[in-house]
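This report describes a single protein chain for a reader who is new to structural work. Please keep the sequence and the model in view while reading.

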Amino acid sequence: MEEESANREGSPNAGDGTSQGQAEEFQAYDRPSLINSRRTPLFAAENSARYERQNLMSEYQELTGANLITVIDQIYQTNMTVLEELLGDCDKSKDLHVILSSPGGDGETALRMVRAMHSYCRRLTIIVPDMDKSAATILCLGADRILMGPSGDLGPIDPQMILSNSPSGSGMASAKEIVAAVDEAEQRVNANPNSFALFSSLLSDVNMLMIEQARSALNRSESLMRESLASLPERSADEVDALADSLKAPLIDNPSSHSAVVSADDAIGFGLPVKKADIEGREWRLIWALWTRYFAMGCFPRGRQAIYEGVRASHVG
């Protein structure tokens with residue numbers, strides 16, 4: 001991990017591995033110099049991808065006048081310290097744009113995150129290049145604006161539970177699916193007691209405490225949705241009620257799967273402040289250039305690599 005001022009010395013050089021098209025595409029920002037007194041050659045080489053991403057972020061900030069940070073991770077309590085590290089470096093008088101990609105997690109933490117973001121900006125835009133599910137959708141509901149790419153996708157507010165006994169030690173499962181699976185198993189065992197051993201094996205990752213936590217999390221979903229909607233200071237109580245009524249069925253009651261898709265058009269129809277990205281515009285092309293780099297690193301949804309990044313701080317873990 002490293003935190004430092006983005007280096008803006010130097011310019012694209014022949015033979016640096018960049019195609020002519022890429023050089024023209026990103027000629028507006030400077031690349032780190034190959035000879036830099038602030039870094040040794042090996043250190044610079046090992047971190048060159050980070051500096052390139054941060055230069056793209058700098059150009060985006062110059063173009064939009066907004067602060068830009070990236071948050072790609074599951075949403076749990078440990079997110080907050082690293083998020084605060086990024087937010088504390090932002091100019092509160094400016095808008096904040098957040099590239100967010102997450103499979104979900106803890107809704108309470110999502111609420112803390114969106115409230116923290118509002119404390120460090122004038123207006124909040126959440127950028128959705130790919131997927132923001134469950135708790136990440138809760139976070140999006142508190143934004144002034146949600147900017148969604150062509151494949152951008154929100155999802156049902158369906159809390160995620162950690163399966164500590166999974167082979168990887170960090171598996172996740174939908175609270176709704178856990179409760180449904182246990183209810184289904186109970187019905188089948190009641191109908192055929194000899195099937196107890198089978199269902200006991202199938203549900204070996206689930207214990208009674210987890211089931212109760214899953215039920216509690218489901219019961220809390222509507223409250224979290226309302227509280228996130230209300231976290232936007234300019235949104236009136238009547239507007240919160242109207243949006244909550246519009247969102248309850250499609251985001252909480254009706255979806256049968258955690259992977260259900262909520263497109264930009266769907267979200268607009270529900271009354272959310274969604275804007276479709278101008279895919280030909282410079283702003284989105286910079287976002288997409290950043291997103292493809294995160295994807296190549298193995299960040300969600302390609303893998304489990306987490307990253308929190310701004311123009312001066314980069315935390316990968």
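## Charges over aromatic rings

Lys 92 is placed over the face of Tyr 120, at 5.3 Å from the ring centre. A second case involves Arg 39, which lies over the face of Tyr 51 at 3.8 Å from the ring centre. The model in which these placements are found is a predicted one.

## Overall composition

The protein contains twelve helices and ten strands. It has 317 residues, and 49% of them count as buried. Its accessible surface comes to about 14,800 Å², and carbon and sulfur atoms account for 51% of that area.

Contacts can also be sorted by separation along the chain. Among the contacts in the protein with a separation of 6 or more, 71% are between residues 24 or more positions apart.

How is a pair of aromatic rings described? Rings count as a pair if their centres lie within 6.5 Å, and planes under 30 degrees apart count as stacked. By this rule the count comes to one aromatic pair. The ring centres of Trp 284 and Trp 288 are 6.5 Å apart and their planes stand at 25 degrees, so this pair is stacked.

Both Trp 284 and Trp 288 belong to helix α12, which covers residues 282-297. They are four residues apart, about one turn of the helix. Are these two residues buried or partly exposed? Trp 284 counts as buried because its relative accessibility is 6%, whereas Trp 288, at 38%, counts as partly exposed.

## The second largest pocket

The second largest pocket holds about 300 Å³ of space. It is lined by 13 residues, and those closest to its centre are Val 182, Ala 185, Phe 196, Ser 200 and Leu 203. The elements that contribute two or more residues to this lining are α7 (175-191), α8 (196-202) and α9 (208-230). Which element provides the largest share of the lining? That element is α7, with five residues.

Gln 61 is part of helix α3, which spans residues 48-64. The cut-off for a buried residue is under 20% relative accessible area; Gln 61 has a relative accessibility of 19%, and therefore counts as buried.

Which residues does Gln 61 touch, not counting those up to four places away in sequence? They are Ala 66, Asn 67, Leu 68 and Val 311. Gln 61 and His 97 are 36 residues apart in sequence, and the distance between them in space is 9.2 Å, C-alpha to C-alpha.

## Two features of the backbone

Most residues other than glycine have a negative phi, and most peptide bonds are trans. Two places in the model can be read against this background.

Ser 134 is not a glycine, yet its phi is positive, at about 55 degrees. This residue lies in the loop between β4 (124-128) and α6 (135-141). With a relative accessible area of 2%, Ser 134 is buried.

The bond that joins Phe 300 and Pro 301 is a cis peptide bond, with omega of about 10 degrees. Pro 301 lies in the loop between α12 and β9 (307-309).

Conventions
Residues numbered from 1 in each chain as written. Predicted model: local features only at pLDDT ≥ 70, side-chain atom pairs only at ≥ 80, totals over all residues. Heavy atoms only, no water. Phe/Tyr/Trp six-rings, centres within 6.5 Å; stacked < 30°, edge-to-face > 60°. Buried < 20%, exposed > 50% of the residue type's maximum accessible area, 1.4 Å probe, protein only. Lys NZ or Arg CZ within 6 Å of the ring centre and 35° of its normal. Contact = heavy atoms within 4.5 Å. Areas by Shrake-Rupley, 256 points an atom, 1.4 Å probe, with all protein chains shown as cover. 1 Å grid on protein atoms, 1.4 Å probe; cavity = no way out; pocket = protein on both sides within 12 Å on 5 of 7 lines; lining within 4 Å. Points joined across faces, edges and corners; volume = space filled by probe spheres on them.
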